[in-house]
Amino acid sequence: MSSIARLTGAAVAAGVVTAAIALPAVGGTGAMFVSASEELGIKPEELKEPPLAEKTTVLDAKGNQIAQFYEEYRENVKLADVAEIMKTAIISIEDFRFYEHGAIDIEGTLRALAKNLSSGGIAQGGSSITQQYVKQVLLNSATTEKEKNAALEASYARKLRELRYAMAVEEKYTKDQILEKYLNIAYFGAGAYGVEAAAKRFFGVDATSLNLVQSATLAGAVQDPNATDPNLGREQRERLLHRRNVVLDRMAELGKITPAQAKEAKAEKLGFDKGQPLPGGCGASAYPYFCMYVRNEILSNKIFGATKKARTQFLNRGGLTIQTTLDPKMQKAADRAIRKHVHASDKAVASEALVEPGTGAIKAMAASRKYGDNKRKNEMSYNVVADAVHGGGTGFQAGSTFKVFTLLTALKEGMKIHDGVSTGSGYRAPYYSSFKNCKGENIGDPSHTVTNAEGGGGGFKSLATGTWGSVNTFFVALEQKVGLCDTVKTAKSLGIKRSDGLPLTEFETFTLGTNEMDPVTVATAYAAIGARGKYCKPMAISKITDRYGKTKTYKPECKQALDPEVADAASYILEGVFTKGTMRGVGGIGRPAGGKTGTTDDQAAAWFAGFTPDLAGAVSIGDTRGAQKHKLNGVTIGGRYYSSVFGASIPGPIWKDTMLLALKGVPETEFQPMNTSRFGGCGSSCQPSRSDRSEPDSGDDVTDPELDDADVGLG
């Protein structure tokens with residue numbers, strides 16, 4: 001008998017069950033066994049067990065799942081929720097004496113030692129489930145390649161290190177607890193981490209419902225999940241099938257199942273095919289644009305982590321449940337309205353955001369195109385409904401929706417609804433200093449002429465009639481009167497900022513909407529008018545519950561941006577847009593509402609933004625290939641030909657159809673009546689003989705509902 005065999009036999013006979021470890025003999029090819037506790041003084045070493053990466057679930061306002069995010073697709077599950085046959089299968093193939101031995105299985109280690117000695121290296125691990133759990137913890141905790149390599153290196157030093165940790169784990173937890181932890185941390189292949197995710201990914205069932213064949217398949221996969229990943233091809237599936245049958249044979253050998261059961265199970269097909277799709281990501285969400293907004297809100301907002309890395313881990317590894325503000329009924333309304341008027345195959349893309357006045361809660365985000373990167377299918381690869389911070393692009397010029405900010409500024413500065421100014425059919429700044437930006441610089445351009453839609457005439461326009469007719473020359477003159485910088489400040493107080501993140505451009509054409517915007521930003525600004533001047537930042541997340549059940553609620557961030565009576569007066573005027581102005585051909589929604597059409601220079605883009613006290617929305621349409629190059633003239637959209645697209649052509653009807661469905665069943669809320677003693681009648685800038693008129697004069701650009709407010713002459 002060899003010295004190694006005698007030493008091995010002696011070790012077993014002596015009942016060394018504390019722990020045994022194989023070490024190379026000094027100066028030779030043999031090995032010796034020593035008692036870990038006696039001769040090497042091996043002691044348990046506490047294992048740091050950071051929380052496992054676990055998927056984050058996103059819910060709508062009603063509690064329905066709308067998306068998932070994860071670094072590793074994992075759903076932690078209690079051992080009681082794992083099928084008994086699955087537990088039996090994994091123990092049978094990985095560590096059949098699991099409930100009998102301590103931190104290390106001496107018999108398994110002796111077998112592995114003999115194999116290693118004959119091969120001249122480490123050919124077999126002989127690790128217990130506890131040791132495998134330790135290895136997985138070290139691997140999951142590794143943040144550098146060096147740490148990952150150390151967790152995987154084929155060395156006795158690693159085995160010794162794992163043994164110390166395993167001894168501590170065995171002292172800290174029961175066997176059932178260790179098995180539960182192992183089943184949750186193990187990688188099974190096909191992107192599935194943990195037995196619950198694997199059961200769903202491989203077979204579309206919960207871990208509690210796994211049958212014999214399925215359990216044997218998953219138990220066979222953990223040994224080398226990459227080599228047996230059925231998602232990678234036929235060769236890998238054949239390996240997995242072989243491993244499954246090995247597990248079944250082992251279960252029969254141990255008496256856990258009968259030979260007949262093993263034979264019957266081995267006759268079945270693998271049953272994976274293409275597997276169940278991996279859940280998660282905005283591309284898999286029914287509401288991809290809102291999903292992108294939520295994702296980017298967490299990744300960009302420092303309240304969710306000091307660094308981008310920390311925020312990414314918070315989202316993808318945190319096991320969070322994120323409750324959002326999305327209202328499925330209102331989202332459905334927006335989706336349906338857009339599909340009615342714009343096809344996904346159209347070159348132009350329509351997008352819409354719905355925001356709740358008084359909270360800033362985003363209720364819906366919709367677009368005419370599907371989200372994705374397949375250009376052949378005309379998919380959108382970015383968030384056309386939002387700004388760049390939230391995954392959006394450059395946006396579209398907002399057109400005459402910006403005239404509202406000049407109107408509000410005039411009301412703030414004491415003008416009454418019948419006060420106004422007289423202009424001609426064209427407007428030129430009288431001198432360079434007639435307009436100053438907020439730096440105090442003279443930016444008036446006497447060489448540039450602003451004209452009205454389709455050559456509309458001039459004359460006296462009041463705040464009311466100038467708004468109803470969306471008269472360009474009137475609003476530029478009004479902006480000169482109240483101050484460009486004051487108008488810019490009003491807009492900023494309502495959250496207006498460029499979609500691309502650049503500073504707002506401050507020129508005399510500011511009121512005509514030459515800055516690029518996104519629907520969320522514009523809808524939120526208009527929502528503030530509906531909330532009587534209370535501006536609330538756009539809000540998509542209402543609460544987050546972490547993996548431990550601790551919940552943090554997020555409240556609206558609001559401020560009183562406008563005097564409530566100023567907002568009331570603006571609402572009064574903007575209601576008239578539906579009955580006396582550019583939307584009269586489209587009509588209202590049967591309840592109090594205000595709004596403003598918007599069309600940019602030569603129909604590069606078109607908008608409508610409107611509000612009720614209960615809900616606000618903004619709709620834009622433009623060509624993402626380049627709005628200035630591909631204008632909305634002579635185009636077919638939604639199967640209908642348009643010689644020119646204006647705010648009342650497509651955006652207005654989309655908004656109307658959306659609101660009719662979104663607010664169905666919601667009790668009507670009236671606007672607060674305008675303070676007529678403060679804003680009624682006219683003051684010093686009034687034309688008395690016409691101050692009480694209720695209809696636009698012949699010079700206003702409202703004779704055709706499609707001829708609303710093209711800023712002819714703008715570059």
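Predicted model: local features only at pLDDT ≥ 70, side-chain atom pairs only at ≥ 80, totals over all residues.
## Around Pro556

Let's start with Pro556, which sits in the loop that links strand E19 (551-553) to strand E20 (558-560).

Leaving aside residues up to four places away in sequence, Pro556 touches Thr359 and Met539. The chain also brings Pro556 and Gly358 to 8.3 Å from each other, C-alpha to C-alpha, though 198 residues separate them in sequence.

## The second largest pocket

Next up is the second largest pocket, with a volume of about 520 Å³. Its lining is made of 23 residues, and the ones nearest the centre are Glu297, Asn301, Lys537, Pro538 and Glu557. Helix H12 (288-300) and helix H19 (519-530) are the elements that give two or more residues to this lining.

What classes of residue make up the lining of this pocket? There are 12 nonpolar, 4 polar and 7 charged residues.

## The second largest cavity

Rolling a probe the size of a water molecule over the atoms shows where empty space is left. In this structure there are 2 cavities of 30 Å³ or more, and the second largest cavity holds about 40 Å³ of space.

Residues lining the second largest cavity include Pro50, Pro51, Leu52, Ala53 and Arg317. Which helix gives the most to this lining? That would be helix H4 (residues 129-141), with 3 residues. By class, the lining of the second largest cavity splits into 6 nonpolar, 2 polar and 1 charged.

Conventions: Residues numbered from 1 in each chain as written. Heavy atoms only, no water. Helix = DSSP H or I, 4+ residues; strand = E, 2+ residues; numbered from the N terminus. Contact = heavy atoms within 4.5 Å. 1 Å grid on protein atoms, 1.4 Å probe; cavity = no way out; pocket = protein on both sides within 12 Å on 5 of 7 lines; lining within 4 Å. Points joined across faces, edges and corners; volume = space filled by probe spheres on them. Nonpolar A, V, L, I, M, F, W, Y, C, P; charged D, E, K, R; others polar.
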